[in-house]
Amino acid sequence: MAEDNAVTLAAISGAVGVTGEVRLKLFGAGLPELKQHKRFNDGALTLKKIRSDNKGGAVARFEEITDRNAAEALRSTVLTIPRDTLPELGEGEYYHTDLLGLPAVSDTGEPLGTICAVENFGAQDVIEIERPSVDGKPGKKFMIPMTVAAVPEWDAERLVVSADFAEV
């Protein structure tokens, strides 16, 4: 799968028990979204069973994983699906993966940096922007809420940030 076509939904964080179950760290919409898909990583993993771990993650069983050793060997493996298998988006909706790497500019045209993360701490999405590096040192990062006031527009080419929210 081309890397730009892969969307990561979860990562295997370790083994559970001795029969090959794995603990998953969930990304995006979480367990309901993950349950909609049965094949991951270009068909290398086939979901057999999944349940909540009641801690914000999940416990899964894949047909190809039959014991604890095989489960442990997959620690840190990400679970990906092709981008085109995701549902169509409505007006004003976006997938986090589509924002990552976009250049950010202020509404006055000043380049601000690149979107390096999209977080959600409960109320709304928060965009993290990394300024360009200076003299070989990583650029300063700052966060803005993904609201109409802070982000009046975005598309596949760039994200526009209101100058009132752009850190100088």
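Q: Quick one to start: how many aromatic pairs does the count come to?
A: Bear in mind that this is a predicted model: local features need pLDDT of at least 70, side-chain atom pairs count only at pLDDT 80 or more, and totals for chains, interfaces and linings use all residues. Residues are numbered from 1 along each chain as its sequence is written, and side-chain values use heavy atoms, with hydrogens and water left out. For the rings, Phe, Tyr and Trp (its six-membered ring) pair if their centres lie within 6.5 Å; planes under 30 degrees apart are stacked, over 60 edge-to-face, and the rest tilted. By that rule there are 2 aromatic pairs.

Q: Why is the pair of F40 and F62 edge-to-face?
A: Their planes sit at 90°, with the ring centres 6.2 Å apart, so the pair is edge-to-face.

Q: And where do F40 and F62 lie?
A: F40 is in strand β3 (residues 39–40) and F62 is in strand β5 (residues 58–62), so the pair ties together parts 22 residues apart in sequence. Strands here are DSSP runs of E with at least two residues, helices are runs of H or I with at least four, and both are numbered from the N terminus.

Q: Is F40 buried or exposed?
A: F40 counts as buried, at 1% relative accessibility. Buried means under 20% relative accessible area, exposed over 50%, and partly exposed in between (1.4 Å probe, protein chains only). F62 is buried too, with a relative accessible area of 1%.

Q: What about the rings of Y94 and W154?
A: Their centres are 5.4 Å apart and their planes are at 85°, so that pair is edge-to-face. Y94 lies in the loop between β6 (78–82) and α3 (96–99), while W154 is in strand β11 (residues 153–154), so parts 60 residues apart in sequence are tied together. Y94 is buried at 18%, but W154 is partly exposed at 30%.

Q: Switching topic: which residues touch the most other members of the largest nonpolar core?
A: V22, L24, L34, F40, I50, F62 and L79 do, in a core of 23 residues. The elements giving two or more residues to it are β1 (6–16), β2 (21–26), α1 (31–35), β4 (45–52), β5 and β6. The largest share, 5 residues, comes from β1. A separate core has 17 residues, including I115, I127, I144 and A150. A nonpolar core is a set of buried Ala, Val, Leu, Ile, Met, Phe, Trp, Tyr and Cys residues joined through side-chain atoms within 4.5 Å.

Q: What does F40 touch?
A: Leaving out residues up to four places away in sequence, F40 touches L9, L34, L45, L47, F62, L79, T80 and I81. Contact means heavy atoms within 4.5 Å.

Q: OK, sheets now. What's the strand order in the open sheet of 6 strands?
A: The order is β10-β9-β8-β7-β12-β11, with mixed pairing. β10 (141–145) and β11 are at the edges with a single partner strand each, so one side of each has no neighbour in the sheet. Two strands pair if DSSP finds at least two bridges between them. β7 (residues 103–106) and β12 (residues 159–161) run parallel, joined by 3 bridges.

Q: How do β1 and β2 run?
A: They run antiparallel, with 6 bridges joining them. They form a hairpin with 4 residues between them, and G17 in the turn has a positive phi of about 70°.

Q: Last one: is G136 buried or exposed?
A: G136 counts as exposed, at 76% relative accessibility. G136 is in the loop between β9 (125–130) and β10.
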